[in-house]
Amino acid sequence: MTILAIIFLLLIFIVILIVMAVMQIQMAGIKVTDFISFIKANASLDNLAEFAKKYDKMSPQEQVIYLAEAEKMFDAFDKIPDSVWEEERDKYQEVLDKYKDIKVMRWNETQTYELSKNVKKIKPKEIKIDPAP
C-alpha cells in the first residue's frame with residue numbers, strides 16, 4: 001500500500017514538473033509545438049553539421065536531401081529566440097554556409113544549362129580571299 005502511495009506521489013510530482021515546464025516555455029513566448037520541433041531540429045543540426053564537414057563533393061541526390069533537411073532545420077530555429085540556441089551558433093553557421101554553397105552551385109549549373117540551351121550554333125561563313133594583284 002505504501003508503495004502505491006509513493007508511486008502516486010511521484011506521478012503527481014512528474015505531472016507538476018511537466019506543467020511547470022510547459023508554462024515556462026509559454027511564458028517565453030514559444031509555442032510548445034515549436035519547441036518540440038526545435039528539439040528535433042537541434043538533433044538534425046548535429047547530423048547536418050557532421051555531414052557538411054565530411055562531404056565536400058555531394059551527389060545531386062545528396063544535395064537535394066541536404067537542402068531539404070537544412071530548410072526544415074532553419075524553419076524550426078527561426079521560431080525560437082536566438083538566446084535559446086546561442087551555444088549552437090557555430091554548427092548552425094556551418095550548415096548555413098554549406099547550404100548557401102550548394103544553392104549557389106546549383107543555381108550556377110542551372111544558369112549554365114539555360115545559357116547553353118539558348119545559344120545558337122554559329123556556322124562560319126566562307127571567307128573569300130582575293131588573289132594578290
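Reply: This is a predicted model, in which local features need pLDDT of at least 70 and side-chain atom pairs count only at pLDDT 80 or more, while totals for chains, interfaces and linings use all residues. Residues are numbered from 1 along each chain as its sequence is written, and side-chain values use heavy atoms, with hydrogens and water left out.

Me: Is Asp 97 buried, partly exposed or exposed?

Reply: Asp 97 lies in helix H4, where helices are DSSP runs of H or I with at least four residues, numbered from the N terminus. Buried means under 20% relative accessible area and exposed over 50%, with partly exposed in between (1.4 Å probe, protein chains only). Because its relative accessibility is 34%, Asp 97 counts as partly exposed.

Me: Which helix gives the largest share of the negative patch?

Reply: The patch on the surface gathers Glu 50, Asp 90, Glu 94, Asp 97 and Asp 101. The largest share, four residues, comes from helix H4 (residues 89-118).

Me: What separates the C-alpha atoms of Asp 97 and Ala 52?

Reply: Ala 52 is one of the buried residues of H2, a helix that covers residues 32-54. Along the chain, Asp 97 and Ala 52 are 45 residues apart, and their C-alpha atoms are separated by 9.1 Å.

Notes: Patch = residues over 30% accessible without salt bridge, like charges linked within 9 Å, V, L, I, M, F, W, Y side chains within 5 Å. Areas by Shrake-Rupley, 256 points an atom, 1.4 Å probe, with all protein chains shown as cover. Salt bridge = Lys/Arg side-chain N within 4 Å of Asp/Glu carboxyl O. Lys, Arg positive; Asp, Glu negative; His and termini not counted. Charge placed at Lys NZ, Arg CZ, Asp CG, Glu CD. Helix = DSSP H or I, 4+ residues; strand = E, 2+ residues; numbered from the N terminus. Expected span 1.5 Å × (residues − 1).
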